[in-house]
Amino acid sequence: MKAGVAVFLLLSAILIAGCNGAQSALNAEGAAAVQLKHLIIAIVIVCSAVWALVMIVLILALLRSRTQRERPSSESERRMGKLVAAAVAATVLIIAGLTIASFYATRGLGAAQDAGITIKVRGQQWWWQFIYDDADPAKSFQTANEMHIPVDVDIRIELESIDVIHSFWVPSLAGKRDLIPGRQNTISIRADRPGVYRGQCAEFCGLQHSHMALFVIAENMPDYQRWAASQRGISVAPSDPEAIAGKALFMRKPCAACHTIRGTDASGTTGPDLTHVGSRKTIAAGLLDNTRGSLAAWIADPQTLKPGNNMPMVLLSSDELRQLSAYMESLR
Amino acid sequence: MTKDTKSAVPTDLMFDDDELERRLAQTWMTGAGVWGALTTVDHKIIGRRYITTAFVFLAMGGLLALAMRLQLAQPEARFIGPDRYNQIFTMHGANMMFLFAVPVMEAMAVYLVPLMVGTRNIAFPRLNAFSYWIFLAGGLLLWTSFALDTAPDVGWFAYVPLSGPQYGVGKRADLWAQMITFTEVSALAVAVELVVTVFKQRAPGMSLDRIPLFVWSMVVTAFLVIMAMPAIMLASSSLILDRLVETQFFNPAEGGDVLLWQHLFWFFGHPEVYIIFLPAVGMVSTIIATFSRRPVFGYLPLVMALIATGILAFGLWVHHMFVVGLPRLGESFFTASSMAIAIPAGVQIFCWLATLWGGQPVFKTPILFVLGFIVTFVIGGLTGVMVASVPFDTQVHDTYFVVAHFHYVLVGGAVFPLLGAIYYWFPKMTGRMMSETLGRWSFGLIFAGFNLTFFPMHILGLEGMPRRIYTYQPEMPWAGMNMFVSLSAAILALGFLVFFIDVIRSARSGPIAGDNPWGASTLEWAMPSPPPCFNFRRIPVVGDRDPLWTQPDELAVATGLRTDRRELIVSSVVEAQPEANESSPRNSIWPLWAALATTVTLIWSIFSPWAVVWGSIPIGITLTGWFWPKQTPEDES
C-alpha cells in the first residue's frame, strides 16, 4: 500500500508538472480547452484529497486495531455510526459541489451561434474532409486532413459522417464530439494563439482508426485570408516537364476516378480533394510528412504503409512514380 | 397402513450420524467417471467447473492483453497488424466481460449461495448444468473463431454501423452477437436459480435480515442480470437480423437509428459493471468481517447501498454517450445520476473502514487483497466521478484515461476481491489451504504491477492518446510511458502466474484445511471441507446473522427430510419459515443434450434464418427428455 501511495504521488507530480504534448488536454490553447483544463485540474485536486483522506483513515484504522484489545462496546459502535453518517454527508456535499461545477462549466461550452466561420467536417474511413462552403459557390473549396482557422474567431464546426462513427477531437482547442451517420452534430472551436494543433479520431472506426489524424493550423487573420484565397483558386497547370507528364498520367490512370483536382478533368469524390495537396503539411491523414519522397512512397504502395485504406495500389514504373509525385508536389 | 408408510419413508430422524451420512451420500452422489461428470447436477461440482473455466478464460484474456502491450511498447511497432490487433482488443474485452467477469461471479454464487443459505442444492439444478454447458459452448465458439483468424474485430461494444452489414466483414460481427446470446442464456439461467434459491430455500430462521451479505449482493446482482440482459439480447438479435435478413434497425438511410444501438447496449453495458462489482462488495464484506473478528459494521446500510446501487445502475447508461450530441438536459440528468452512485459506494467504503477500525484484523492473504481493493477501487470510483462530468468527459472519453478508469474499477473493484475470495474459500472448496507465502508474493506483484500498469494510463489519456489504436507515431510524446506501462504489465502477469501456480500446487498438496480454518461465522463453514455431496447432514436452524460465532459448538437443526430421495426444505420469503419438503432433480444427461442442440441452432442461425425453425426440433426433443416425469411408487399412491 505504501508503494501505491508512492507511485500515486510520483505520477501525480508528473501530471502536475504539466505535459506539453502535441495533442494534450493539458496543453490548452483555446478558450473552451482552457476552461476544461481548469475544471480538470480542480476536480483532480478535490478527488486526490478525498483519496488521501480515505487512505489516512484506512492506515489509522489498521494501526489502531493492532494495539486495541477490548471488544467494541455499544457506545463505541454508536460513535462510529455518527462518524460514518458524517462521512456520508460529506460525500453528498462533495458530489453535489462537483455536479454543480460540472453544470456550470457545461454552460460555457455550447456551439457558437453567431460564429465567424462555419466549416463542415466529414469523417471518412480513414481521413478527414473539410468543406469551406460559401454563399457564392465559386468561393467554396475543400481540403483534407488539414484545417486552417483564424485566431480569436469562433469557428462553428458541423460534423457529419458518410460511413461509420468517428469523433472529432483536437484536445488543445476543445473537447471531442462524434460524427454520426444520419445525424448532424456541431461543436465550436476557437484558438487563442497561432499554432499547429494536432487532433485525432477518437471513436474506433475500423482498421486504420490509428491513422486518422488531423491538423488545425491557427493563424492571424491576414495569413488565414491569404491561405483561403489560394485554396479557392483552381490548380495551376504545371510547368516542369516531369510534372506535366505526371498530370497526363494522373488523368490516364485510375487516380482521377477517386480524386478531384479543380481546374482539370479529375472530379472523383471518394478520395481527398487534391487541388492543393502540395500545400499540406502531411499526407495520408497525418501518417507522413508531405515531401516528394513520401508522396512517391505513398503512391507506390499505400497498402503497406496504411493497410486496409481505400487507395488501391496502382502499378507504376519508377519514371511514372517520379512524374506523379512531381505533379502532386506542384499542386500548391 | 401408517406403519407401512412410515417404514417406506426413511427420514433423517431414524438414523445415527454415520448411517445418515451413508444414506444421504447414496441419494445425492454424482456418478463415477466421465458419465458422472456429464450428468451431474451438484451445484458444487458445476460451480467449481464454472470457476475453473472462467479462470482459464482470464488467463487467456490476460495473454491477449500482454500481446497488446508488446505491440504498444514502441511506436510504429510491427508485431501485430491492425486486423489482428482489432480482433485482439475485441477478444480481450468480450472475453473478460462475458467469459470471465460475469460468469466467475455467478459461478462463485453457484458454489457458495446454497451452502451459505443452508440448503442441499441450488434451485433448478438441471438448468444449472445447462447454463454451464452453454457458457462453455459460447466461449469455445469465440476462441475457435480467434484461432481461425475470424474473430470479431468491432470492439466488445460493437457499435453500428461499423458492425453492421455494410462495414462489418464476413461473419465476424455475427459471431460476436451470437456469443452474447450464449452467455446471456447462461447468465439469465443462473440469475433465476439464485433468486429462487435465496428466496425459497433458506434454512429455517434465516429471515431477510439474517442473510449473509455475499448472498444479498448476489440477489441484487441476479436482479440486475434479469433486467439488463434482455436489452443486450434485443440489440444483438436486431444486429443479426440487420446482417442476415436485411432488417434496417440501425440504418439511418432507411429510417433506422445508429444511436438506438448505443442506448440498448449501454442500458445493459452500464449495469454490467455493477453485475461484476456488487458480488465483489459481498466478498469484501464477508472477508473483512471474518478477518476483523467481528460482524461487519452497518449490515443494514450495506444492504441498502447494494439495493440503491442496483437501482441507480439503470439510470446512468448515457454517461457512455456524452460525446454523441444529446440534449443538454438529458446530459445533466445523467451527470447527476452518475455522480450520485458515488454515495452508496461511499457508504460501503465507510462501513468497511469502520469494521476495520473496530475490529482486530488478522493479516492473511485474503484481507491483503481486500486492502488492495480499497486503495485501488477508491481511485476508480473517483475517476468515475470525473468521467461523469460532461465537460471533463469530452476530453477524456475514448482515451487511455477511460482505459485506466475502468480497469481500476473492474480489476481494483472486482478482481482484487475475487482473488481474495479465492484464497478465502479455496480451503472450503478443496479441503486444502493455499500458501501464505506465495499468497503474499502474488498479492504484492499484482498490486504493484497493476498500479504501475494502469495509473500512467490516466496521464496518457490526458496527453491525448486515444483508445483502440494499434500503433502511434514516434513524434507523439507517448512512447516512454507506453514502454513503462508494458514493462509493468509483465510484473502484473508475473503476479498472476504466481497465483495460478499457488492454486494448482495447493489443490494437490496444500495443508489440510479442516472445517473452518479462518474461524468464520457463516453456514458454509459448518461442514467438512470439501463439503459432502449432500452439503448438510441435517439442515441447520439459524437464529442470527453469525450462527457459527453465536453457536460455536453445535448448530440447532431441522429434521424430517427423507433420505431415500433428494429432498430439501422450501421456506417462506421473509421469515424463512419452513413450508414444505420439496424434491430436487436427480442427475441427468439431458441438460447436456439440450445445450448441444441449442449450440447447433445458435451457430447455424448466423448463416440461415431457417436454423431457428429446424433447430427448434432437436431443442424440443431434448427439453422433453429433460422434463419427462419420473414417477416413484409413493407419488402414485
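## Basis

In this predicted model, local features need pLDDT of at least 70 and side-chain atom pairs count only at pLDDT 80 or more, while totals for chains, interfaces and linings use all residues. Residues are numbered from 1 along each chain as its sequence is written, chains are lettered from A and ligands numbered from 1 in the order in which they are written, and side-chain values use heavy atoms, with hydrogens and water left out.

## Cavities

A search of the whole structure gives five cavities of 30 Å³ or more. A cavity is a set of points, on a 1 Å grid over the protein atoms alone, where a 1.4 Å probe fits but cannot get out; lining residues have an atom within 4 Å of a point. Grid points are joined across faces, edges and corners, and a volume is the space filled by probe spheres set on the points.

The largest cavity has a volume of about 60 Å³. Its lining includes B:Tyr50, B:Phe98, B:Glu106, B:Phe135, B:Glu184 and B:Met229. Helix H5 (82–117) and helix H7 (172–200) of chain B each supply at least two of the lining residues; helices (H or I, at least four residues) and strands (E, at least two) are DSSP runs, numbered from the N terminus. By class, the lining has seven nonpolar, two polar and two charged residues. Here Ala, Val, Leu, Ile, Met, Phe, Trp, Tyr, Cys and Pro count as nonpolar, Asp, Glu, Lys and Arg as charged, and the others, Gly among them, as polar.

The second largest cavity has a volume of about 40 Å³. Among the residues that line it are B:Trp28, B:Asp42, B:His43, B:Arg120, B:Cys533 and B:Arg566. Three nonpolar, four polar and three charged residues make up this lining.

## Second largest pocket

A pocket is an open set of points with protein on both sides within 12 Å along at least five of seven lines. The second largest pocket has a volume of about 990 Å³. It is lined by 31 residues, and the closest to its centre are B:Arg126, B:Ser583, B:Ser584, B:Pro585 and B:Arg586. Elements of chain B that each supply at least two lining residues include helix H6 (125–147), strand S3 (567–571), strand S4 (578–583) and helix H20 (610–627). The lining divides into 14 nonpolar, eight polar and nine charged residues.

## Contact between the chains

The contact (heavy atoms within 4.5 Å) takes 84 residues from chain B and 89 residues from chain A. The buried area is about 7500 Å², of which carbon and sulfur atoms give 70%; buried area is the accessible area (1.4 Å probe) that two parts lose on being put together, summed over both. B:Trp357, B:Gln395 and B:Leu462 supply 11% of the area that chain B buries against chain A, more than any other three residues.

Three salt bridges are counted between chain B and chain A, a salt bridge being a side-chain nitrogen of Lys or Arg within 4 Å of a carboxyl oxygen of Asp or Glu. A:Glu203 and B:Arg468 form a salt bridge at 3.6 Å, N to O.

## Two buried residues

B:Asn482 lies in helix H17 (residues 479–509) of chain B. Its relative accessible area is 0%, so B:Asn482 is buried; buried means under 20%, exposed over 50%, and partly exposed in between (1.4 Å probe, protein chains only). Not counting residues up to four places away in sequence, B:Asn482 touches B:Arg69, B:Leu72, B:Ala73, B:Leu460, B:Met465 and B:Tyr472.

B:Gly380, in helix H13 (residues 365–388) of chain B, counts as buried because its relative accessibility is 0%. With residues up to four places away in sequence left out, B:Gly380 touches B:His405, B:Tyr408 and B:Val409.
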